[in-house]
Number of protein chains: 2
Amino acid sequence: MKVLLGSGGIGTEERRKLCMDEMSRTFEGVSKVLFIPYASNDHDSYLEGAKRFTSGAPFDLVGIHDAEDELDAIKEAEGIYVGGGNSFLLVRDLHEKGLVEAIRDKVLHGTPYVGISAGSNVACPTMMTTNDMPVVLPSSFHGFGIVPFQINPHYHPGSILWKEGDEIIHHFGETRARRIAEFHQHNQVPVIGLFEGSFLRWDGALATLVGGAAEIFSVGDTPLRVEHGAMLDGSLTPR
Amino acid sequence: MKVLLGSGGIGTEERRKLCMDEMSRTFEGVSKVLFIPYASNDHDSYLEGAKRFTSGAPFDLVGIHDAEDELDAIKEAEGIYVGGGNSFLLVRDLHEKGLVEAIRDKVLHGTPYVGISAGSNVACPTMMTTNDMPVVLPSSFHGFGIVPFQINPHYHPGSILWKEGDEIIHHFGETRARRIAEFHQHNQVPVIGLFEGSFLRWDGALATLVGGAAEIFSVGDTPLRVEHGAMLDGSLTPR
């Protein structure tokens, strides 16, 4: 398997370059990549933006929403890229259109997959560790399950701060660690909180952390900080 | 109707005092308040904490989870208090137990209601403007609908900042305003983003903002900042 899952938050030049390098590495030898824009409301403009972003890459994007038959487009895809946006919207549409199994099968059989932010959430057993707002109700929270753990993208440790003028204000809402602990009151699957700008390469057995740090949460264990270059098995145990 | 909806985030002495004052005002003349702890996993310890918090108030709390029959407990309640925690958990349990209609009817017929954080989300037409993580899948996102607008609790404007050692780091995840705009791509109901420490008193026709600021989002309008003392109608138009 050849899977790349990104946290998102690539708001700096350095992070954008790493993202492009990692995507090109994952899609090596692929000329056309099927782009899935369902995490956004406006599929055409999302495809245009994604095309601009990847214009320097050695592959072209085609939008699944432009295909005559979406299932055929998946079956014929050389590579699949699921962009970020709203995970509830993405997962609702994938289930409504009956595409979840088809994408899972393709990726398990070797078709390279890149997911960023919501595209990482949907690669997990469920989308339950998303940060997004539930603006629509999906029929199921199940994702592709092409990795055996959960990802919390855009992860950051500690509390939220925000700025009013020059004043830094402390926010009392739940930290990510607290939210993930709530997840673990109801679910046993381990969770990796990917710092913004970080990526996981997954080959079906081992994950390699690239570009930044992450925090690992397993039921009954204290959280574990890992850094760029860490190798993790499917239970998120460092190797 | 006598409804008090709080943002939560009452992490300062001043905010806790205001919260107690507003709760006592809403529950004036009520000796026993029915406490609904379903937003938390541990109902007993949540009730104990809520009792400690309200120990100086002129009313006592009884937990709905200790009642022989929950529907009877609601029918007999003099006041209802729904505490914060995880909105998905809260809404799942309320629907599973068949309590949504009963609470709506009681409150529409005059029983005072206090909701904080998740307890504010569930008072709205839907829980779709929560910030919580979807750790369980409810059968429906519908709430009590005892107010005709949506609340985003723990609201803050602008981006998230976080701290690593002494360094303040800029987070690139979606702002609340962006998330609410996503909600408005799929739903028409106006949204009020309640800053932490702020409360809305609702009498069935007019809302009064108490304790802090809020931001109002209506489809097609630019967001509107309102301050302590603002009066709003059911469409969140200032009066």
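**View 1. A salt bridge links A:Glu164 and B:Arg225.** The side chains of these two residues meet with an N to O distance of 3.1 Å. Keep in mind that this is a predicted model. Across the interface of chain B and chain A, the rule picks out four salt bridges. It also turns up 19 residue pairs in polar contact there, both residues at pLDDT 80 or more.

**View 2. Helix 7 of chain B gives the largest share of the side of chain B that touches chain A, with seven residues.** At least two residues each come from helix 4 (87-96), strand 6 (150-155), strand 7 (161-164), strand 8 (167-170) and helix 7 (176-186) of chain B. By type, the residues on this side split into 20 nonpolar, 21 polar and ten charged.

**View 3. Chain A and chain B each bring 51 residues to the contact.** Putting the two chains together buries about 4,100 Å², and carbon and sulfur atoms give 62% of that area.

**View 4. Strand 9 (residues 191-195) of chain A is largely enclosed by the rest of the structure, because five of its five residues are buried.** A:Val191, A:Gly193 and A:Phe195 point one way from the strand, while A:Ile192 and A:Leu194 point the other way.

**View 5. Strand 9 of chain A pairs with strand 6 and with strand 12 of chain A.** With strand 6 (residues 150-155), strand 9 runs parallel over four bridges, and A:Ile151 stands opposite A:Ile192. With strand 12 (residues 214-217), the pairing is antiparallel, again over four bridges; here A:Phe217 is the bridge partner of A:Val191.

Methods: Residues numbered from 1 in each chain as written. Chains lettered and ligands numbered in written order. Predicted model: local features only at pLDDT ≥ 70, side-chain atom pairs only at ≥ 80, totals over all residues. Heavy atoms only, no water. Buried < 20%, exposed > 50% of the residue type's maximum accessible area, 1.4 Å probe, protein only. Pairing = 2+ DSSP bridges. Contact = heavy atoms within 4.5 Å. Buried area = accessible area lost by both parts, 1.4 Å probe. Polar contact = N/O pair within 3.5 Å; in protein donor to acceptor, adjacent residues only side chain to side chain. Nonpolar A, V, L, I, M, F, W, Y, C, P; charged D, E, K, R; others polar.
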